[in-house]
Amino acid sequence: LAEQWGQRLMAMPSSDTNLMFLLDNFARFAPFIRLMGHRDFNGSPAHLVDKAQCYDLLTAKLPEMMPTSVRCAAAKDIDAAVEAVTYPAVYKPAVKDYGQTFYTAHDGKKAIECGDADGLRQALKAEVAAGFDLVVQDKIWFESAQDEIPFYLYAGEDGKIQMAANGIKEEIYPPPFGTAIVLRFEW
């Protein structure tokens, strides 16, 4: 297809697992495909998949829009994470893995809520000891499915939107921090 069209094709991964596969094998696929997320589409956008790195990128541009978010990958990170956030707070994996080990270890939940500093400190000690690389964040309150809307956007070099989709999470399992098992796309 790349030969037919005279340029590399834009790959649109249909899941996080597919995206991980393309990123892990980017050097092999780069002559044939492009992935969104790199400024000129020539490099790997792997830095955007890491929640802590993505937070740093967004905070540099829109600090007033970002909730506090702190990486906690080692025991030395725990105190700073506990002190930085407001409560209740949540923690979740900083990066995805093929086995979805965090979700498996937490009954399918993508994030865990902690109501106070002592509870968070104890939880982080156990999580870090188990090998999890985490992001600790202020909890953002959502009243309805329309309050948390995944938004996917592709803009051209001129900054104009070329493609966009919104997802409405109609049903999440397990609630409140599981996977959207019914997701409706809408303009």
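This is a predicted model: local features need pLDDT of at least 70, side-chain atom pairs count only at pLDDT 80 or more; totals for chains, interfaces and linings use all residues.
Which elements do the buried residues of H7 pack against?

Residues are numbered from 1 along each chain as its sequence is written, and side-chain values use heavy atoms, with hydrogens and water left out.

First, the overall picture. The protein has seven helices and nine strands. Those are DSSP runs numbered from the N terminus: helices are H or I with at least four residues, strands are E with at least two. The C-alpha atoms fill a box of roughly 60 × 35 × 30 Å along the principal axes. Of the 187 residues, 31% count as buried. Buried means under 20% relative accessible area, exposed means over 50%, and partly exposed is in between, with a 1.4 Å probe and protein chains only.

Now contacts, meaning heavy atoms within 4.5 Å. Take those in the protein with a separation of 6 or more: residues 24 or more positions apart account for 51% of them.

On charge, there are 18 positive and 26 negative side chains. Lys and Arg count as positive, Asp and Glu as negative; His and the chain ends are not counted. The centres of the two sets lie 4 Å apart. Each charge is placed at NZ of Lys, CZ of Arg, CG of Asp or CD of Glu.

Back to H7, residues 117-129. Its end C-alpha atoms are 18 Å apart, and that agrees with the 18 Å its 13 residues should span at 1.5 Å a residue. The expected span is 1.5 Å times one less than the number of residues. Leu120, Arg121, Ala123, Leu124, Glu127 and Val128 are buried in this helix. So to my opening question, by the 4.5 Å contact rule: the buried residues of H7 pack against E3, H5 (78-84), E4 (89-93), H6 (101-105), E5 (112-114) and E6 (134-138).

Look at the two ends of H7. At the start, a side-chain oxygen of Asp116 comes to within 3.2 Å of the backbone nitrogen of Asp118. Just after the helix, Gly131 takes a positive phi of about 95 degrees.

Is Arg121 buried or exposed? Arg121 is buried, with a relative accessible area of 19%. Its side chain makes a polar contact with the side chain of Asp79, at 3.3 Å. A polar contact is a pair of N or O atoms within 3.5 Å; within protein, one must be able to donate a hydrogen and the other to accept it, and residues adjacent in sequence count only if both atoms are side-chain atoms. Leaving out residues up to four places away in sequence, Arg121 touches Ile78, Asp79, Val82 and Glu83.

Now the backbone. Most residues other than glycine have a negative phi, and most peptide bonds are trans. Here are some departures. A cis peptide bond joins Tyr87 and Pro88, with omega about 5 degrees. Pro88 sits in the loop between H5 and E4. Gln100 has a positive phi near 45 degrees. Gln100 lies in the loop between E4 and H6, and is partly exposed at 37%. Asp107 has a positive phi of about 55 degrees. Asp107 is in the loop between H6 and E5, and counts as exposed at 67%.

One last residue. Glu64 is in the loop between H4 (51-61) and E3 (69-72). Glu64 counts as exposed, at 62% relative accessibility.
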